[in-house]
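Biologist: Before I rely on any label attached to this protein, I would like to hear how each one was reached. Could we go through them in turn?

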Amino acid sequence: RQQRCVTSCGTEGGRAACFKGGDDNRASGAVRRLFHGLEGKSANSEEAKLKARAKINALFAPDAIIDDLTQEGSRGIAYAVDVVAAIFAAAPGAIVDVECVDDGITSSGFTWHASEGFVSLKGTGFLRTETTGKITYLCTLVEPILKTGEATTAFLRVATAVMGGPREPLPDVRPKVKSPKQPGKIPANEVVRYLYDEVQNADVEGGAVAFFSPDVVYEDT
């Protein structure tokens, strides 16, 4: 399944053009190099596969921190090396591919999917890079096999009530947020801060809905 997604290099639906430079040290570029490197598992020789793995491992800073949210605690670069090795050892035809990438400079969020045989999973991720483009932090979360569905919504409603319910009046940071490159528009990272900070415990109708397009596509993994 390939989503249509506008990437930072301005292409829609096709990733190949994004690997031809233009964002060498950007975090978004690190995301693309990471997933592009994973395509090396399809190489014809073991030597080529070893080189591809080495290139992926070189994307990480020596002190990189890895947070796999399906595991307990943070890990180091050795965990990333082991995960890459496991992906390369997967059955022929198995893929791990990026879908959408945030146009980030020092940090970037992304969505991805993996499939092997009849099994297909989606996931999200976030990474930070240093000035040289090396990955210093990577966080990933894959969708669970068993989904709680409406039970999660019910839990969140109870948790919200326990935390004090709606705050009145609802703080509105929108007039204060400015984008020097896009006057009159609010950067996506500021929207995230607003929704997960200012709007916490607030009446959804009081402000959060204003940030959603009428035809928004929402995926709860």
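Predicted model: local features only at pLDDT ≥ 70, side-chain atom pairs only at ≥ 80, totals over all residues.

Biologist: What makes the length of helix 2 agree with what a helix should span?

Modeller: The expected span is 1.5 Å times one less than the number of residues. For the twelve residues of helix 2 (residues 46–57) this gives 16 Å, and the end C-alpha atoms are 16 Å apart, so the two agree.

Biologist: Which residues of helix 2 are called buried, and why are they said to line one face?

Modeller: Buried means under 20% relative accessible area, exposed over 50%, and partly exposed in between, with a 1.4 Å probe and protein chains only. By that test Lys49, Ala52 and Ile56 are the buried residues of helix 2. Seen down the axis, they fall within an arc of 60° (taken from the directions from the helix axis to the C-beta atoms), so they line one face of the helix. On the other side of helix 2, Glu47, Leu50, Lys51 and Lys55 are exposed.

Biologist: What do the buried residues of helix 2 pack against?

Modeller: With contact meaning heavy atoms within 4.5 Å, they pack against helix 1 (27–38), strand 1 (60–68) and helix 3 (77–88). In helix 3, in turn, Tyr79, Ala80, Val84, Ile87 and Phe88 are buried, and what covers them includes helix 1, helix 2, strand 1 and strand 2.

Biologist: Which class leads in the lining of the second largest pocket?

Modeller: Ala, Val, Leu, Ile, Met, Phe, Trp, Tyr, Cys and Pro count as nonpolar, Asp, Glu, Lys and Arg as charged, and the others, Gly among them, as polar. The lining has 23 nonpolar, five polar and three charged residues, so nonpolar is the leading class under that definition. Helix 3 gives the most to this lining, with six residues.

Methods. Residues numbered from 1 in each chain as written. Heavy atoms only, no water. Helix = DSSP H or I, 4+ residues; strand = E, 2+ residues; numbered from the N terminus.
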